[in-house]
Amino acid sequence: MELGLRDKVAVITGGSSGIGLAVAQGLAAEGAHLVLAARVGDRLEEAARGIREAHGVRVVPVPCDVATADGTATLIEAAEESFGGADILVNNAGAGSNETILEAPDEKWQAYWDLHVMAAVRLARGLVPGMRRRGGGVILHNASICAVQPLWYEPIYNVTKAALMMFSKTLSTEVIDHNIRVNCVNPGLVLTPDWVKTAKQLTADSGGDWQGHLDEVAREHAPIKRFATPEEVADFMVFLCSERAGYSVGSTYFVDGGMLKTV
Ligand code: NDP
C-alpha cells in the first residue's frame, strides 16, 4: 500500500525509545524526514544515527524536555530551521506513574499535566501555523487505554491521559478546516524497555523470572495473552499519519489486544 509519506516531515516526541522510536523507524521506512525529541542526548543521537543509516532520510535530534515551555520552543524552532515546519506531529513522550491520590503532592500532578497535556498544547500552538502554510497536516496523540480504563496504582497517569484524549478530540474540530487531521491512539500493553526494567526489579528477590511475570500481566489483562511489540502499535500510527487514513478525524483508536472491557 502506497502511504504517500515520502519527503513529509514528522516531529516525534519521545523518539529515542519504545513506541516513539518504532514510529520514527516506521515513518523513515516510508521516506519521511524526522525531528526527534527526548531529554537524554546520547540515546537520542544514537537513535537518529541508526535511522539515518537504515533509511537514508534526514533526522534531526533535538535534546529537550517537552514538559517545559522552553523545551517545546526549542523543538518548534528546530523544525522551522531545519525543514520550514512539519507535516506530522506525534505527541508520544510520556511516562507511567505510581501513587495514591491521598498522598501525591500537587507538584507531581503538575509535572504529569505538563508532560502529557501542556506539551501537546504548546506543540500544537507552535506547529499548526506551519502545517497550515504547507497545506495541511496530521497530529497524533499517544494516550493509553488507561485514559478510559484506569489501572488503580497510577491515578495521575489515568487522569492526565484522559485529558490528553479530550484535548485530541477538541483540537481536531478546531483545525480540520485547515486540512489538519487529529487523532488519538490508546495502546494496551506494549513491551517497551521500561516494562522489562520494572519486571526485573519486581522479581529480583523471588528468583528473577521477569518473563514469567510479564506473561502473567498479559494473561491477567489482555485477552490476546501477550504484549504488543512497539512495531505493532507503530504500524497503526504510521497508517494514521498517511493519506490512506484521510477520512479519520477526531477519533481514538485502541490497539490493545482486546484489553478494553467495554464497547
Ligand atoms: P519509553 O519509556 O520506552 O520511551 C519514552 C520516550 O519519551 C523516551 O524517548 C524518553 O526519552 C521520552 N521522554 C520522556 N519524558 C520526556 C520529556 N519530558 N521530554 C522529552 N522526551 C521525554 O516509553 P513507551 O514507548 O513505553 O511509551 C511511549 C508513550 O506510550 C507514553 O506516552 C506512554 O504513556 C504510552 N503508552 C505506553 C504503553 C506501554 O505499555 N509501553 C501503553 C500505553 C501507552 P528521555 O527519557 O531521554 O527523555
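Student: Which strand does I88 lie in?

Tutor: I88 belongs to strand β4, residues 88-91. Helices (H or I, at least four residues) and strands (E, at least two) are DSSP runs, numbered from the N terminus. This is a predicted model, in which local features need pLDDT of at least 70, side-chain atom pairs count only at pLDDT 80 or more, and totals for chains, interfaces and linings use all residues. Residues are numbered from 1 along each chain as its sequence is written, and side-chain values use heavy atoms, with hydrogens and water left out.

Student: Why is I88 called buried?

Tutor: Buried means under 20% relative accessible area, exposed over 50%, and partly exposed in between (1.4 Å probe, protein chains only). I88 has 2% relative accessibility, so it counts as buried.

Student: What makes E80 and R133 a salt bridge?

Tutor: The term requires a side-chain nitrogen of Lys or Arg within 4 Å of a carboxyl oxygen of Asp or Glu. The closest N and O atoms of E80 and R133 are 3.1 Å apart, so the pair meets the definition. It links distant parts of the chain: E80 is in helix α3 (residues 69-83) and R133 in helix α4 (residues 106-133), 53 residues apart.

Student: How are E80 and R133 classed by accessibility?

Tutor: E80, at 31%, is partly exposed. R133 has a relative accessible area of 57% and is therefore exposed.

Student: How many salt bridges does the structure hold?

Tutor: There are four. One of them joins K108 and E99 at 2.8 Å, N to O. Another joins R226 and E232, with the closest N and O atoms 2.8 Å apart.

Student: Why is E99 called buried, and what is K108 called?

Tutor: E99 has a relative accessible area of 10%, so it is buried. K108 has 24% relative accessibility and counts as partly exposed.

Student: What are R226 and E232 called?

Tutor: R226 is partly exposed, at 38%. E232 is partly exposed too, at 33%.

Student: Which residues come nearest to the ligand?

Tutor: S17, R39, D65, N92 and Y157 come nearest, out of 29 residues around the ligand. A residue is near a molecule if one of its heavy atoms lies within 4 Å of it.

Student: Why is D7 called exposed?

Tutor: D7 has a relative accessible area of 52%, so it is exposed. D7 sits in the segment before β1 (9-13).

Student: What is noted about the phi of D7?

Tutor: D7 has a positive phi of about 65° although it is not a glycine. N179, also not a glycine, has a positive phi of about 65°. N179 lies in the loop between α5 and β6 (180-187).
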